[in-house]
Amino acid sequence: MSQPTPEVYEQGKGMDAHNQVMREIRSRKEASYDPHEPTRVWLDEDNTPGGVKRSLTIILNTGGCRWARAGGCTMCGYVAESVDGGSVSHEALMDQIEVCLEHEADNGDEPADLIKIYTSGSFLDEREVGAETRRAIADTFADRDRIVVESLPDFVDREKIADFTQHGIDTDVAIGLETATDRVRHDCVNKYFDFADFEEACAEAAAADEDADDADAGIKAYLLMKPPFLTESEAVEDMISSIERCADVSGCHTVSMNPCNVQRYTMVDDLYFSDGYRPPWMWSIAHVLEETADVDAIVVSDPVGHGSDRGPHNCGECDDLVQKAIKDFDLRQDPSVFEQVSCECELTWETVMERERGFNQPLTR
């Protein structure tokens, strides 16, 4: 990957030290990607305000998150999978959409009601996905029930959301808030915006919701479970508080807790190989979901890479059972599912929660 450099928009944002380290780490990438092929596409089920829906998830291969090219988030390596050079044409992006539709036709019995489109950056940033492409994608999926697109809060406005709601599509904007605590977001994650900016984006979505005649609009908050530099107990405490604060914001109807996994070309990757980071315990995820089951929002989690050393894990014997319980909770929102799983390693997790401190973190690997 060419040496990333911040554009004028990103200069002066984030922590200079973090950005400098991250730019050097990201420059190690050598792989290149076809701009006519999506990064990933798959079919699944998701819990939405309209109930559980069959979903088509699309990861578009764009020129990459502009914040990541400035240095970016300490844990995010998705920019390493983006097309080098910073931009992808409208025609190439629509080719990617066609590939995804073919995948859906080949692997699904019928079109999915829910479409989820991610760019590993900001779909609403017109440097990544231009207005022409955004509107063409809205036209393509005008017959679906609901669509989710992701964006930093900077680029969320009611006019862009209206490109979808005017077709009668319920529209959610997924925002990588990571935490409701500004200091943790700034110092541990290296994201430059504040919780107040997230609240403003929720207000824009609420305004779009009011303007739409036949569709709903809202925000899905993405939170990061266990950013670097936090102990297990600190991460759990911050996550519970963050979910509660997000659920209290008008316009935010869903909170997705994303347990941190170790991705290549990130600061977390360097810390991991220096014995300075352990992904969260699966028991921590279950505990947070139990503690926040009564908030006024849908709370879900999808532990990527569960059971591996680089993903959220317990002892290796119980990881699949806990993962199954988490998936069950996502669909039913019933915390009693966690009463069905137990393991001897839960005592080790409890000890880590009680005794781990900054100077001995991580206490176990």
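This is a predicted model: local features need pLDDT of at least 70, side-chain atom pairs count only at pLDDT 80 or more; totals for chains, interfaces and linings use all residues.

**Exercise 1. Is Lys226 buried or exposed, and where is it found?**

Solution. Lys226 is found in the loop between β6 (217-225) and α8. Lys226 has a positive phi of about 75°, although it is not a glycine. The relative accessible area of Lys226 is 1%. With the limit for buried at under 20%, Lys226 is therefore buried.

**Exercise 2. Determine how α10 and α12 are oriented to each other, and identify their contact.**

Solution. Helix α10 (residues 282-291) packs against helix α12 (residues 345-355) at an angle of about 75°, and their axes are 10 Å apart. Angles of 65 to 115 degrees count as roughly perpendicular, so α10 and α12 are roughly perpendicular to each other. On the α10 side the contact is made by Trp283, Ser284 and His287; on the α12 side, by Cys345, Glu346, Trp349 and Met353. Sorted by class, the contact of α10 with α12 has 4 nonpolar, 2 polar and 1 charged residues.

**Exercise 3. Carry out the corresponding analysis for α3 and α4.**

Solution. Helix α3 (residues 90-107) and helix α4 (residues 131-140) pack at an angle of about 25°, with 10 Å between their axes. Because angles under 35 degrees count as roughly parallel, α3 is roughly parallel to α4. The crossing of these two helices is right-handed. From α3, the contact is made by His90, Leu93, Met94, Ile97 and Leu101; from α4, by Glu132, Thr133, Ala136, Ile137 and Thr140. By class, 6 nonpolar, 3 polar and 1 charged residues form the contact of α3 with α4.

**Exercise 4. Which residues of the largest nonpolar core touch the most other members?**

Solution. The largest nonpolar core has 90 residues, of which Ile58, Ile117, Phe123, Phe198, Cys246 and Cys252 touch the most other members. Helix α8 (residues 232-247) gives the most to this core, with 7 residues. Another core, of 6 residues, lies apart from it and includes Leu114, Val148, Ala174 and Tyr222.

**Exercise 5. Which residues does a cis peptide bond join?**

Solution. The cis peptide bond joins Gln361 and Pro362, with omega about 0°. Pro362 lies in the segment after α12.

Technical notes. Residues are numbered from 1 along each chain as its sequence is written. Side-chain values use heavy atoms; hydrogens and water are left out. A nonpolar core is a set of buried Ala, Val, Leu, Ile, Met, Phe, Trp, Tyr and Cys residues joined through side-chain atoms within 4.5 Å. Buried means under 20% relative accessible area, exposed over 50%, partly exposed in between (1.4 Å probe, protein chains only). Helices (H or I, at least four residues) and strands (E, at least two) are DSSP runs, numbered from the N terminus. Axes are lines fitted to C-alpha atoms, for helices over the stretch in contact, and angles run from 0 to 180 degrees between N-to-C directions. Angles under 35 degrees count as roughly parallel, over 145 as roughly antiparallel, 65 to 115 as roughly perpendicular and the rest as oblique. Contact means heavy atoms within 4.5 Å. Ala, Val, Leu, Ile, Met, Phe, Trp, Tyr, Cys and Pro count as nonpolar, Asp, Glu, Lys and Arg as charged, and the others, Gly among them, as polar. A crossing is left-handed if the near helix is turned anticlockwise from the far one by less than a right angle, and right-handed if clockwise.
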